[in-house]
Amino acid sequence: MRIRDWDRSLRARLIGEAFMNITFWMFFPFLAIYFAEEFGKTTAGLLLILSQVFSVGANLAGGYCADQFGRRTMMVISSFGQGGAFFLFALANSPILDSPSLGFIAFTIASMFGSLYWPASQAMVADVVPEEHRSDVFAVFYTSINIAVVIGPILGGIFFFSYRFGLMVTAGLVCLLLAWILIKFTEETKPVRSDDDAQGAPRGFMHAIQKQVKDYGVILNDKLFLLFIIAGILSAQTFMQLDLLLPVYIKEVIGNQSLGTWFGTDIKLTGELAFSVLISENGLLVALLTVAVTRFVASFKEKNIFFISSILYALAMIVFSLFDLFWIFLLAMAIFTFGELMIVGLQQSFISKLAPEHMRGQYFAAASLRYTIGRMIAPLSIPLTVWFGFFWTFTIIAILAVVSAFVYYGMFYLFEQKKTASPSSS
């Protein structure tokens with residue numbers, strides 16, 4: 001499905017969200033450095049965990065609100081809310097006020113509104129795109145995000161530490177621009193309920209939450225799926241260090257490193273700029289190689305792919321911990337990214353294999369626990385560097401990735417036994 005054949009609302013969103021994503025990635029990767037410098041590593045880690053707890057709660061509410069109040073409505077409210085939060089963050093770093101505490105509050109508010117935005121955003125795509133074209137549309141939005149991951153950190157390495165006030169004001173204005181685009185060019189897509197549906201609908205927010213908890217309980221009784229989630233949480237501890245441990249570590253170990261003499265000039269690289277280049281390398285490789293790597297690994301057994309992916313995550317962490325040279329970090333990031341790309345296309349298809357057809361949507365929702373729980377735990381890596389040092393922190397994360405590899409392998413062993421025992425179910 002070509003972009004010119006898309007619904008007008010999707011084309012408008014693609015443009016508006018592209019600007020938003022670039023602006024977001026100009027500051028998001030550097031927040032761990034900012035909070036660690038302002039509060040200390042231990043406090044910063046605990047605060048980031050607290051922030052993610054609020055975001056997880058907002059994410060749970062986001063799906064309910066999108067169904068109850070409308071996709072467009074929630075996206076517009078969320079865009080205005082994020083804009084206000086970024087203006088508050090700008091105030092906390094302005095010429096008249098320097099308040100890291102207010103900055104953290106603003107970041108938490110922005111994260112919560114972001115968590116309210118994305119469930120409505122995904123639902124709107126499902127509302128307006130025929131099922132056979134949805135994967136293509138989602139892929140375009142995914143590629144757009146990864147292009148932002150390439151551009152944003154490079155610009156952020158220049159502006160975040162020297163022009164933070166202006167950058168956050170710009171982020172607020174971009175959010176208001178996105179809200180205007182949504183109001184001007186999109187329409188509400190929430191399906192209209194029939195009278196029968198309305199009578200059978202949940203009567204309140206708590207009723208909806210109770211039903212979700214009950215459904216998740218049924219799903220988590222599936223041993224294979226539970227192992228999949230556990231392995232995913234352990235693996236996520238490595239993946240999420242991209243925005244937590246790595247920026248803090250690279251800033252400290254790179255310092256002001258010389259890259260050598262080029263044309264008689266000594267080229268130096270700061271830690272902040274080094275991290276910008278590395279995160280952009282990750283985004284560029286993802287944008288360029290996702291389809292190619294997914295097709296390449298499709299001919300191999302899934303259990304081997306998931307196992308090797310986690311091992312590559314562990315290897316990347318070990319390489320980061322053993323060296324302090326920028327050129328070696330480029331290699332470590334390539335290893336890290338290849339581990340990511342190996343399973344990015346396989347995870348969703350495997351979930352659909354595990355899920356009974358009538359519960360497929362709930363299984364996909366429950367699968368997101370890998371990231372929501374992982375995101376709450378991952379910031380512990382920052383205080384761990386205070387307690388044990390960088391080397392042992394990286395080692396602990398690498399061990400978790402190795403454990404994840406073996407959990408995946410055991411899960412696939414049980415899955416294959418189950419298919420052998422009941423071939424008609426495959």
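Predicted model: local features only at pLDDT ≥ 70, side-chain atom pairs only at ≥ 80, totals over all residues.

The protein chain holds 19 helices and four strands. Out of its 426 residues, 50% count as buried.

**The chain as a whole**
- Take the contacts in the protein chain with a separation of 6 or more: 84% of them are between residues 24 or more positions apart.

**A helix pair: α4 and α7**
- Helix α4 covers residues 71-92 and helix α7 covers residues 164-185, and the two pack with their axes 8 Å apart, at an angle of about 165 degrees.
- Angles over 145 degrees count as roughly antiparallel, so α4 is roughly antiparallel to α7.
- The crossing of α4 past α7 is left-handed.
- On the α4 side, the residues making the contact include Arg72, Met75, Phe80, Phe86 and Phe87.
- On the α7 side, they include Phe165, Met168, Leu176, Leu182 and Ile183.
- Sort the residues of this α4–α7 contact by class and you get 18 nonpolar, four polar and one charged.

- As background, nonpolar side chains in soluble globular proteins tend to be buried together.
- The largest nonpolar core here has 104 residues, and the ones that touch the most other members are Phe35, Ile250 and Phe320.
- Helix α19 (residues 390-421) gives this core its largest share, ten residues.
- Zoom in on Phe320: leaving out residues up to four places away in sequence, phenylalanine 320 touches Leu246, Tyr249, Phe329, Ala332, Met333 and Phe394.
- Another core, of seven residues, lies apart from the largest one, and its members include Trp6, Leu14, Val125 and Val137.

**A closer look at threonine 186**
- You'll find threonine 186 in the loop between α7 and α8 (195-199).
- Is threonine 186 buried or exposed? Buried means under 20% relative accessible area, and threonine 186 has 4% relative accessibility, so it counts as buried.
- Which residues is threonine 186 in contact with, leaving aside neighbours within four places in sequence? They are Ser9, Arg13, Arg72 and Ile181.
- Threonine 186 and aspartate 7 are 179 residues apart in sequence, yet their C-alpha atoms are 9.2 Å apart in space.

Key:
Residues numbered from 1 in each chain as written. Heavy atoms only, no water. Axes fitted to C-alpha atoms, helices over the stretch in contact; angles between N-to-C directions. Parallel < 35°, antiparallel > 145°, perpendicular 65-115°, else oblique. Left-handed = near helix turned anticlockwise from the far one by under 90°. Contact = heavy atoms within 4.5 Å. Nonpolar A, V, L, I, M, F, W, Y, C, P; charged D, E, K, R; others polar. Core = buried A, V, L, I, M, F, W, Y, C linked by side-chain atoms within 4.5 Å. Buried < 20%, exposed > 50% of the residue type's maximum accessible area, 1.4 Å probe, protein only.
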